[in-house]
Structures are given as C-alpha cells and as structure tokens.
There are 2 protein chains.
Amino acid sequence: MRIGVLGTGVVGRTLADKLVELGHEVRMGSRPEGNEAAVEWVRSAGDLASEGTFADAGDFAELVINATKGGASLDALQAAGAENLAGKVLVDVANALEFHEGAPPTLIVANDDSLAERIQEAFPEAKVVKTFNTVTAAVMVAPDSLNESTNLFVCGNDARAKAQVIELLETFGWLSGDIIDLGDITAARGPEMYLMLWIRLMGAQGTPQFNIRLVRGE
Amino acid sequence: MRIGVLGTGVVGRTLADKLVELGHEVRMGSRPEGNEAAVEWVRSAGDLASEGTFADAGDFAELVINATKGGASLDALQAAGAENLAGKVLVDVANALEFHEGAPPTLIVANDDSLAERIQEAFPEAKVVKTFNTVTAAVMVAPDSLNESTNLFVCGNDARAKAQVIELLETFGWLSGDIIDLGDITAARGPEMYLMLWIRLMGAQGTPQFNIRLVRGE
C-alpha cells in the first residue's frame, strides 16, 4: 500500500520504518520539502521511502497517518489538503498535549470534544480512525516487547475503515482479540483523556515501555 | 477503626458492608438523618453499623470515605464539616460525571483540575487520598473476582495518609505490589480522566466487571 506519514518526530519515523519493513511504499510529509529529519529518514529507510510536503504525502497516499503533534495537527492536515484526504482512511495517532512551566501538562482539547473529532469535523470526507495514541512509539511497532499481550483501541465512524486499520495493526503484531473497538469517533475522548493517566504511570514507573491489559471477571 | 462513609449509593453501601465485615465500626452519612437507604443498610449490616447526617458520620470517624456523587461531593463535605475532617484521612472515591441527553457523559472537572484537588483545596486540613474511582464497586471489595490481579492507584499530598490507605486496600484483597502511587493530589487528574475510557470500555464489553493491569517490558 502507499502510505503517507505526516510528521517527522519519533512517532512518525518509528511508524514509517515499520511500514517500510512490511513492504509498504511510504512518503513522509513535513511542512517544508527537504525537512532534515525526513531526508535523513529517507536515506536510512531505502527504496520504498520518500519524503515531501504534507500535500505531497497526502496526494501520494492511499492511507494517511497523522503523526504530527496534536496541537499542530489541524494545520498540518489543512496543508495536506482536504482533497488529498477525501475518501481515504486517516489514522490519527496524535495527542494534543500542552506543556506548562511549573504545572502538569494538559490536553488542548478534552472532555466534551477530542482531537480526533475535530479532525473528522474539519475533514468530513476523510475516514478518521483513532488508534495508537495510548502507547509509546516503540510499543506501537513491537507489542511483543512487553511481557504479556496488551490491548489497543480503535474508534471511528466508518466500520470498513476501522476493519482496514485493524488489519494493519495485526501486521504490526497486535492480536486481533486484543484490539478493542470503542465505537464512533466521539469515543476518542476515552483514549485521549487516558493519556493523563499514562503520563502519571510513566512517571511512577520511570519508563514509557508499558501498556494496559484488560482483565475481566468470569 | 471508626470509619465514616459519606453516601448511600451502591458504592457507599458496598464499601460500608466490606468495612463492617472486616470488623470496623462504620457510620453511613447522608443529608437527612434517617435516610431510607442508610436505615435499611444499618438493619442489614448489624451491630458495627450506624447511620446519621454527614456531620454525624464525620464527627464519629477516624477516617472518612467520600462515596457521594462527584457533583455533590463538595456540598456533602461542607455538611460533614471542615472541623470533622481536619487532620483525618479523607478517601475520595468519587467521579464527577455529568450526563447529557443525546451526548456522551462528561466530567464536571477535568484536565487542569480534578475533584480530589478541589476537595483538598476546600479542606486543607484533611489528608485527601484519591483511590478506587477506576473500578466498579463490586471490584473495589473483591479484586480477586477478576481473572488476574489488576492495578489500583493512589495519590495524595500526605505520604502517611497514603500508606494508611494502602494498608486498608490490602485488607480488601488488593496486593501491595499492584497498588501504584501516582504522586501528589494533582495526579488525581489521571485516574479521574481515565473514567472516560472506562465508560467506553464498559460499553464495548457490556460489563463493568473489569479492570486494567499494567504490563511492562523487560
């Protein structure tokens, strides 16, 4: 598949590496063509890798992954172009964190709205699926690096888009029985707000290399 | 120990039952003395059980549990009386949920504040410890009803108060290694905001009988 990865940070590069490893053609998008991190990534990732502007990546892609910082995502997606997102699966993995001097981080959007909902509203013809934002990049692409299998969440308004994303997650090593469909895109409030617990758990444990596993009663 | 349980709902009654079973003297507090649910509970719970106003329960208690609805907690605690809470451990198990017609529930306070912080701020001489709000009442008192051991979170500003609460949790069946200290009272934002994921998980699974277990890497 041709996949556009928007964002050149750790999350974008980690996902792009894994996608190339799986045989996909990946174009990494950033604001300016020739972004240093993107050029460097292309050099290391080989023949299936290319880079360009957000619009280049959006135009190239059959499926788009938003791996930009949450606070910059709507601008990045506008730059990618609504026409380049229309009809396509748009996997939103971003967290809209805001950092403060001397106070805990907060979410830019929460409670009665979510980043994924804002993206879906701004790009009604895209098929937004929220996933992956509840684990650190290294765990996204190597779920078996944890001591037991753990859960991942998906949500979105389009059932076929979710099914396609679940298939992609399975190729990353996630077990289909561990991927929980939380419902429509409003459900993204759940995993997005969970981040505030995740941050405290990371602090308490001293590592981001963890995830949660649901345990049920009989 | 003499324990005051504020609130006569399922959470309050479930915790009060367990505390009586463990041999504590429990006074259930509600707005009016002679609250039907409280009187009924006293009848079923035996000699260690009593009931009264919020102030009666606060006055009686060495340790107070806030099991009122989150939206009513500050009023209930005012009624219990700052002088009856001063110097005592105040275990806050409440969730400040607001329900809406045709839209998902929201939290009354979230993101840059939390219910537990508001309580601590309103009652600076109480030693507020947030815990238990991440599981349904039946799981609070029977962690072994789930198929594996799971995690519980505590946070608060007073280390001795947290240690005392952890001891109490252990008598409920929680394993000390599974109880995670998230930090000071601002950390309550984490478990309180997690509730929005919990609600979606309950919906996806069709049961509130579950909890999460942290899985780490090597």
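Select helix H9 of chain A, residues 189–205, and helix H9 of chain B, residues 189–205: they pack at an angle of about 145°, with their axes 7 Å apart. Axes here are lines fitted to C-alpha atoms, for helices over the stretch in contact, and angles run from 0 to 180 degrees between N-to-C directions. Helices (H or I, at least four residues) and strands (E, at least two) are DSSP runs, numbered from the N terminus.

Before moving on, note that this is a predicted model: local features need pLDDT of at least 70, side-chain atom pairs count only at pLDDT 80 or more, and totals for chains, interfaces and linings use all residues. Residues are numbered from 1 along each chain as its sequence is written, and chains are lettered from A and ligands numbered from 1 in the order in which they are written.

**Stop 1: the helix pair**

Stay with the two helices. H9(A) passes H9(B) in a left-handed crossing (the near helix is turned anticlockwise from the far one by less than a right angle; clockwise would be right-handed). Now show side chains. On H9(A), the contact residues include A:Arg189, A:Pro191, A:Met193, A:Tyr194 and A:Leu197. On H9(B), they include B:Arg189, B:Pro191, B:Met193, B:Tyr194 and B:Leu197. Two residues are in contact if their C-beta atoms, placed from the backbone, lie within 7 Å. Color this contact by type: 12 residues are nonpolar, 2 polar and 4 charged. Ala, Val, Leu, Ile, Met, Phe, Trp, Tyr, Cys and Pro count as nonpolar, Asp, Glu, Lys and Arg as charged, and the others, Gly among them, as polar.

**Stop 2: the whole interface**

Zoom out to both chains. A rotation of 180° with 0.0 Å of shift along its axis superposes chain A on chain B, with an RMSD of 0.0 Å. The same surface serves both: 100% of the contact residues of chain A recur in chain B.

Select the contact residues: 39 in chain A touch 39 in chain B. On the side of chain A, strand S7 (103–107), strand S10 (179–183), H9 and strand S11 (210–216) each give two or more residues. H9(A) has the largest share, 13 residues. This side of chain A divides into 19 nonpolar, 13 polar and 7 charged residues.

**Stop 3: a strand from each chain**

Pick S11(A) and strand S11 of chain B, residues 210–216. They run antiparallel, joined by 7 bridges. Two strands pair if DSSP finds at least two bridges between them. Find A:Phe210: opposite stands B:Arg216 in S11(B).

**Stop 4: inside chain A**

Go to strand S5 of chain A, residues 89–92. What covers its faces? A:Val89 and A:Val91 on one side, and A:Leu90 and A:Asp92 on the other, are all buried (20 or more other C-beta atoms within 10 Å of its own; exposed means 12 or fewer, partly exposed in between; C-beta atoms are placed from the backbone). In a regular strand the side chains alternate between the two faces of the sheet.

Strand S4 (residues 63–66) of chain A pairs with S5(A) in the parallel sense over 4 bridges. Strand S8 (residues 127–130) of chain A also runs parallel to S5(A), with 4 bridges. Click A:Leu90: its bridge partners are A:Val64 and, in S8(A), A:Val128.

**Stop 5**

Finish at A:Asn111, in the loop between S7 and helix H6 (115–122) of chain A. Its phi is near 75°, a positive value in a residue other than glycine. Most residues other than glycine have a negative phi. A:Asn111 counts as buried because it has 20 C-beta neighbours inside 10 Å. Then jump to B:Asn111, which has a positive phi of about 75°.

Key
Copies are superposed by least squares on the C-alpha atoms of residues with pLDDT of at least 70 in both.
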